[in-house]
Amino acid sequence: MATTQLLNLHNLVQVEIEGDEKFHHDFDYYLGDMISQTRQRASAHPSRDGRRRFLRVVHRPGIVTTNMREVSPGLFISGSAAVDTEYRVRIERSEDGILEIQSPQAPVEWFMWLLQLMILQENASFVHCAGVELDGRALIFPSWGGVGKTAITNSLVRDKHWRLLGDDRVILTADGRCYGFPQAMVIYAYHREVFPELFAQGKGPTAPALANELLTKLAIGVKPILRRMPLLLNWIRRHNPQSVRVRPSDVLGSQSLATCATLDACIWIDRDPTICSPKVVQPDDMLVSRIAGSTLSEYDRHCVGLTPALCGAGIVPFESTFAAWPSVVKSALSGRPTWMVLLPADMPVSQVPLVLTEILRSREVSI
């Protein structure tokens, strides 16, 4: 039986998800506390008057390409609609601006990417970062995956009494507001020292850290094939030996989640294989590009690659999405303290929080 969830993403985008129990369960598994946090603020009847972005996701057993033309391999368009046959997704823009995604399985990759494109139209952007809040002010630590974001948030929340905005993504507006996005945390084998209690309870990933690189390469190779077998793909996601997903509230506590704060400082973190000790440098003129680029890299490459065709089909506006992205980040950082912290490539993630704490104190950032 189909049911509908209404979500209000910080008054930037309203989301409607319609499907059966399994469809909703797959979204819940990926989005974690974001579902419950935004559902609590959802209105009973989301506005569709064009004054607020509206994204609708609908479970459809079959996706057809009748009366559509193929503009590139696996991509069909007609009017303001497109069908991606590889991911089995139909994307359509209505005359009143509602964007709808139809798919037989939870289209998480397309959902997250289109959500980013929609909030860009509201002068906001996701940032791939760790983000925490205390007394209304926020610190964000943008970086690549595997640098130590999860360890940073865990330490600041548990030891310093900050609250979590997100350990992987935070929404940043052009005027410097930071909105929480507490999606499920991805725990890898190298997090054993960060969450010893989780592993002691047998809730951590089963594969050893040494197998991480091999499993990543294997996943990249077989994922396109599994796309055509959604039931098997979802089963593998839930039984992945390389990683597990947990709700932040289950690890850090339900009172540890923050909704909104004002950006206080931005600290870019990176790994440098040529150094033996941490190093703090002033940001270069590519900081905005680094932040936008590392964030873009987190989205599914297939979805990103098809986006120019969506612009050509009149589904996604190019000028207020791609063209607006760097200006949103640049405006948000303007006048606020920013640094770049370089860490040795072999530094264990469990040591990263201590290093960052010392650096923040040396820069007179109250923690």
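A residue counts as buried when its relative accessible area is under 20%. Trp 325 has a relative accessible area of 5%, so Trp 325 is buried. Please keep in mind that this is a predicted model. The chain averages a pLDDT of 88, and 87% of the residues score at least 70.

Trp 325 sits in helix 11, residues 325-333. What does Trp 325 touch, not counting residues up to four places away in sequence? The list is Trp 113, Gln 116, Leu 120, Ser 125, Ala 292, Thr 295 and Leu 296. With Ser 125 there is also a side-chain to side-chain polar contact of 3.2 Å. For a sense of the fold, take Gln 121: 204 residues separate it from Trp 325 in sequence, while their C-alpha atoms are 9.2 Å apart.

Is Thr 295 buried or exposed? Its relative accessible area is 2%, and the cut-off for buried is under 20%, so Thr 295 is buried. A polar atom of the Thr 295 side chain lies 2.8 Å from the backbone oxygen of Ile 291. Beyond four places in sequence, Thr 295 touches Phe 126, Val 127 and His 128, as well as Trp 325.

Now the rest of helix 11. Its buried residues are Trp 325, Val 328, Val 329, Ala 332 and Leu 333. They cover an arc of only 120° around the axis, so they are on the same side of helix 11. What do these buried residues pack against? The partners are helix 3, helix 9, strand 9 (124-134), strand 12 (169-173), strand 16 (260-272) and strand 18 (338-344). Just after helix 11, Gly 335 has a positive phi of about 80°.

Last, the cores. The largest nonpolar core has 70 residues, and Trp 110 and Phe 111 have the most contacts inside it. Helix 3, residues 108-120, gives this core its largest share, 11 residues. Phe 111 is in contact with Val 15, Phe 27, Leu 31, Leu 55, Val 57 and Ile 101, leaving aside neighbours within four places in sequence. A second, separate core has 38 residues, among them Ala 151, Phe 195, Leu 257 and Val 355.

That is all from me.

Terms used
Residues are numbered from 1 along each chain as its sequence is written. Side-chain values use heavy atoms; hydrogens and water are left out. Helices (H or I, at least four residues) and strands (E, at least two) are DSSP runs, numbered from the N terminus. Buried means under 20% relative accessible area, exposed over 50%, partly exposed in between (1.4 Å probe, protein chains only). Contact means heavy atoms within 4.5 Å. A polar contact is a pair of N or O atoms within 3.5 Å; within protein, one must be able to donate a hydrogen and the other to accept it, and residues adjacent in sequence count only if both atoms are side-chain atoms. A nonpolar core is a set of buried Ala, Val, Leu, Ile, Met, Phe, Trp, Tyr and Cys residues joined through side-chain atoms within 4.5 Å. pLDDT is the predictor's confidence in each residue, from 0 to 100. The arc is that of the directions from the helix axis to the C-beta atoms.
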